[in-house]
Amino acid sequence: MKRRAFILSSLALAGSGRLFAAPSAPARFLLVFLRGGYDAANFLVPTSSSFYYESRPTIAVPRDAALALDADWGLHPALAESLHPLYTKGEAALVPFAGTEDLSRSHFETQDSIELGQPLAARSYASGFMNRLVAALGGGGAISFTNQLPVAFRGEAQVANVALNTVGRSSVDARQSALIAEMYKGTNLGAQVSEGFAARDSVMRDLGDEMVAASRNAVTARGFEVQAKRIARLMHGEYRLGFVDIGGWDTHVGEGGTTGQLATRLEELGRGLGAFAEAMGPAWHETLVVVISEFGRTFRENGNRGTDHGHGTVYWVLGGGVRGGRVTGEQLRVSRDTLFQDRDYPVLNEYRAVLGGLFARLYGLDAAQVARVFPGAPAKDLSLI
Amino acid sequence: MRRDFTLALLLFIGGCATQPQTPASRAPLAPIAWPDDSPALELAVLNRVSWGANRSSYADIARLGTGRWLDAQLRPPQGEVRARLPAEAQAAIDAMTISQRPIAEIAAELEQQRRAFQNAAADDRKAERQAYQESLGRLGREAQTRMLLRALYSPNQLEEQMTWFWMNHFSVFQFKGPLRALVADYEERAVRPQALGRFRELLGATARHPAMLIYLDNARNSAGRINENYARELMELHTLGVDGGYTQSDVEALARILTGWSLDLAGGELSRFYPRRHDFGDKVLLGRTIRGRGAAELDEALDILARHPSTARFVSRKLATFLVADEPPAALVERMAQTFSASDGDIAQVLRTLFVSPEFRASLGGKFKDPQHYALSALRLVLDQRPLPDAQPVIGALARMGEPLYARATPDGYPLTRTDWASPGQLATRFEIARGIAYRVPVRIPMELVASVGDATRETLAKAASPQEWNLLLLSSPEFMQR
């Protein structure tokens, strides 16, 4: 199992443009995917836009309730004790008008597009961009904290996965595990079976008794905070590239404003990420977390005090070494005439360019390496790290 | 193929009706010729078409021969399932509230309970809230248990698999609103009767059922207060497919057509059309003008969607993904789509085209079991006709493997391919489930009913230190993962 940490760190060392991380501590990257298309316009509130308040008569976050970030933007108050302090410390930045060129407004289509990270016209399910990133970094050290292996992590490079809310002490002992692995030797599932047992063992080693105590009989989803702390413990160890997804953002009905459905989800997410940052300790300074979602939602509220599928969204970029405390990237004044199709936020910061730019800085990847992760999408450097 | 096609064409000319079709009115199917039967082939077909082979189902297919067995699976005996289950399983289902009380009565009672506390403060009326939640929980567990018992014991295994398939295609999430009280009825009246019937009937029944109206928010969709959620998924996931040729303006038009279809939980009808909430303007859907006139617009729109060539392809491909291969051969999908169109969406006809194809035969044994297939096949093998002591551990096992019944949160339903279920973490979990089953069986599970066990597995099985360990290894073997 040492191979992972070793290869990743040696690769990271080779980079020249890398700004974080002492040579002994290669950077860690966690991608957080909000599935369902979270309502970014109520998360990063365009407080200077009267059009925002006209468009959302029942769900807008009032100016005086939002946490002012600058003259134009305010943060949803549910993040007062989590993201806001990180932002104030300069450890979080926000990128509005972010997203993809995919216009299907389909959750599933757009999630897949993003996770594949390829030009829309030539998509292949053979590999996702996180898997290609693993390969570009030399392989190993990658884990998805999900039951299924997400499309982003599919591909040739071996990636572990574990559902942190259902895992518990194994009832299959070491001898039996070896016998099972023996049956799969040489089959097309051989690598997965071995990886599964190895990941199971390292999760048990890293999480130990806390895990077993907390997970007994637990099959329902637990709060993200508990999960986030576990992720931090595992990313302290051999896993340097992580993925987690969180559902529950498809707020077609009764979304709420300052309080309510979306506020609750944001509060939970913020608290989890805050706990993650804290649990990473000194390693937080070499850690990058990016929060994305498949699309934003309609700028205007719908007939049910909710919002429907839209286009542009807001990405979060967090980390101890991030040059944060700002809302960054290409921007437009928020008004009716700048909406995309008179309906949604436009996309000015294409996700592949933005993520490619972050990876280039984080790992010192050159243009050719970035192109292998995101073919056909030159990196855009937002100088966030 | 020629004969199938001609027959299907005749049927099409004969019956374009959109009236609900009872099983009695279904057209006869041409018998399937299956000339070169062999025990190995029978076992392979059984493992694909059923939830898993056991001694009694293997005896059935061996007695009838594959062709006649498939004929019988495509046109199961009409009438209720009840006469065909073992007595213990049927008695368990008969004792359920969902069997004993009409859904309208259950729904009305629960809705009244809910209204009594809905406006109370959060920590007020705790006992009522708890009682309400417990009722929902019990009804949801009954529905899951019923599904498992039928899948384990019904001789009409294709009907059971297709009921699961369509429940997954028209997926709802039981933890939204009062859905746990409604999923049993959704399955029983909207989906199961047409599982081998007409696609158009499935579409109409799911569109009007309160479970779908709640899940995809159409219950809240009304004139001037449009909610696009169901309209979009109806085209993307239920009929045309995401590349099926619709646009955002079609989504908006369909959403307007769907205005006014909402709930009547307290009033005993469950759902109905409310003219006052309907948008009576004309709409243009997929290039066709639908004159605004009320409830009739829905059937007109569903006819267009059900008969669209994109729907024939999309649904055929999904059926073939479930019953043939993760990447089904394009030529087979095309032939199925032709049958789909020519038979006006007769599902049994489409499946017949699938079963007689050389692609089906060539694919046997090549599908990786999703968790539902895995758990059920292990239990069918172990239990055969013996009663399941307790459904709760099975419900728990499915949840732990990531495929709980009626609980896909997103409307796309569970995925059907190997890449979705064979990740390292999922395999490790699956071996835990295997152990849970294996150690409850005190004697060795015979391996004759596991298809083509290879040398590596035999050598490993020989090292088993106990019957239980043998069972663990057999249920964990690569061969047992395939169907």
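User: What should I keep in mind about the numbering and the model?

Analyst: Residues are numbered from 1 along each chain as its sequence is written, while chains are lettered from A and ligands numbered from 1 in the order in which they are written. The model is predicted, so local features need pLDDT of at least 70 and side-chain atom pairs count only at pLDDT 80 or more, whereas totals for chains, interfaces and linings use all residues; side-chain values use heavy atoms, leaving out hydrogens and water.

User: How many helices and strands are in chain A, and what percentage of its residues count as buried?

Analyst: Helices (H or I, at least four residues) and strands (E, at least two) are DSSP runs, numbered from the N terminus. Chain A has twelve helices and twelve strands. Buried means under 20% relative accessible area, exposed over 50%, and partly exposed in between (1.4 Å probe, protein chains only). By that rule, 63% of the 385 residues of chain A count as buried. As for contacts (heavy atoms within 4.5 Å), residues 24 or more positions apart account for 72% of those in chain A with a separation of 6 or more.

User: Which domains does the assignment give for chain A?

Analyst: Domain bounds come from an automatic or database domain assignment. Here the assignment gives domain 1 (2-166 + 220-373) and domain 2 (168-218). The C-alpha centres of these two domains of chain A lie 30 Å apart.

User: How do I read the burial of a helix, and which residues of α21(B) are buried?

Analyst: Look for the buried positions, then ask where they point. In α21 of chain B (residues 392-400), Val394(B), Ile395(B), Ala397(B) and Leu398(B) are buried. Down the axis of α21(B), these buried residues fall within an arc of 160°, so they line one face of the helix; the arc is that of the directions from the helix axis to the C-beta atoms. Their cover includes α8 (126-153), α20 (371-383) and α23 (424-438) of chain B. Just after α21(B), Gly402(B) takes a positive phi of about 90°.

User: How many residues are in contact between chain B and chain A, and what area is buried between them?

Analyst: In all, 54 residues of chain B are in contact with 45 residues of chain A. Buried area is the accessible area (1.4 Å probe) that two parts lose on being put together, summed over both. For chain B and chain A this is about 4000 Å², with carbon and sulfur atoms giving 52%.

A polar contact is a pair of N or O atoms within 3.5 Å; within protein, one must be able to donate a hydrogen and the other to accept it, and residues adjacent in sequence count only if both atoms are side-chain atoms. Between chain B and chain A, 27 residue pairs are in polar contact (both at pLDDT 80 or more). Elements giving two or more residues to the side of chain B that touches chain A include α13 (229-238), α21 and α25 (467-476) of chain B. The largest share of that side, eight residues, comes from α23(B).

User: Where does Arg154(A) lie, and what does it touch?

Analyst: Arg154(A) lies in the loop between β6 (142-144) and β7 (160-161) of chain A, and at 13% relative accessibility it counts as buried. Its contacts, not counting residues up to four places away in sequence, include Asn131(A), Gln148(A), Thr419(B) and Asp420(B). With Asp420(B), the side chain of Arg154(A) makes a polar contact of 2.8 Å.
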